[in-house]
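Thanks for making time this morning. I would like to walk you through one model, starting with its strands and then turning to its aromatic rings.

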Amino acid sequence: MNRRTLLKTSIGATLATILAQHAGAQTMDDKTQASFDTVMAFMGAMGSGDMDTMGKLMADDMVWHNEGDESLPWIGGAKGKENIFEFLGVFSANLQTTKWENTDAFASGDTVAVFGKMNGITPHSGQEIGEFTFALRAKVRDGQVVLWHWFEDSFAVSQAYHG
């Protein structure tokens, strides 16, 4: 299965809905707004499986890092586009996202923070995780994402993954 299909299956179209869930009216300077828009566009592309747009929005030296229980195959990180796409294939094979809801999003300069709730199924055990929380810290440089630092309730995810 190619990475586009894996990513679409795992993350699903639910991510695309985040574009309609921007944070409430906040005043942003041009740099802050551009950073915020870049991160939201990246999330939307990821949710729709648009690897071309994702690639264009990724800096060549982008770093993706997931914090959490290291016994989960997608915890850790990758640097560079090809390594990140490979990493996302591992994620997609191990977690099928069934819910994604951004509850808060903030930006300042080159940094964007997003908080929300998720749910999913781990094909490894076939178990539903149950709703859990996430936080994201992303950084943008020259209209491209350079850091994607993901934090999730890995205890709940690990419990489901390991059955």
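In which sense do strand 1 and strand 7 pair, and over how many bridges? Before I answer, please keep in mind that what you see is a predicted model. Strand 1, residues 58-67, pairs with strand 7 in the parallel sense, and 6 bridges join the two. One of the positions to look at is Asn66, whose bridge partner in strand 7 is Trp150.

Strand 7 also pairs with strand 6, residues 132-141, but here the two run antiparallel, with 8 bridges between them. In this pairing Ala135 stands opposite Phe151 of strand 7. Strand 6 and strand 7 form a hairpin with 2 residues between the strands, and in that hairpin Asp142 takes a positive phi near 50 degrees.

Is strand 7, then, largely enclosed or largely open? Of its 9 residues, which span 144-152, 7 are buried, so the strand is largely enclosed by the rest of the structure.

The largest nonpolar core has 43 residues, and the members that touch the most others are Phe42, Trp64, Trp74 and Trp148. Helix 2, residues 30-48, supplies the largest share of this core, with 7 residues. If we leave aside residues up to four places away in sequence, Trp148 touches, among others, Val39, Phe42, Met43 and Met46, and its contacts also include Met62, Val63, Trp64 and His65 as well as Leu136, Arg137 and Ala138.

Let me now turn to the rings. A search of the whole structure gives 10 aromatic pairs. In one of them, Phe42 and Trp148 are tilted, with 4.9 Å from centre to centre and 55 degrees between the planes. Because Phe42 belongs to helix 2 and Trp148 to strand 7, this pair ties together parts that are 106 residues apart in sequence. Both Phe42 and Trp148 are buried.

A further pair is made by Trp100 and Phe134, whose ring centres lie 4.9 Å apart and whose planes meet at 40 degrees, so this pair is tilted. It links distant parts of the chain, since Trp100 sits in strand 3, residues 96-108, and Phe134 in strand 6, 34 residues apart. Trp100, at 8% relative accessibility, counts as buried, and Phe134, at 3%, counts as buried too.

How values were computed:
Residues are numbered from 1 along each chain as its sequence is written. This is a predicted model: local features need pLDDT of at least 70, side-chain atom pairs count only at pLDDT 80 or more; totals for chains, interfaces and linings use all residues. Side-chain values use heavy atoms; hydrogens and water are left out. A nonpolar core is a set of buried Ala, Val, Leu, Ile, Met, Phe, Trp, Tyr and Cys residues joined through side-chain atoms within 4.5 Å. Buried means under 20% relative accessible area, exposed over 50%, partly exposed in between (1.4 Å probe, protein chains only). Helices (H or I, at least four residues) and strands (E, at least two) are DSSP runs, numbered from the N terminus. Contact means heavy atoms within 4.5 Å. Two strands pair if DSSP finds at least two bridges between them. Rings of Phe, Tyr and Trp (its six-membered ring) pair if their centres lie within 6.5 Å; planes under 30 degrees apart count as stacked, over 60 as edge-to-face and the rest as tilted.
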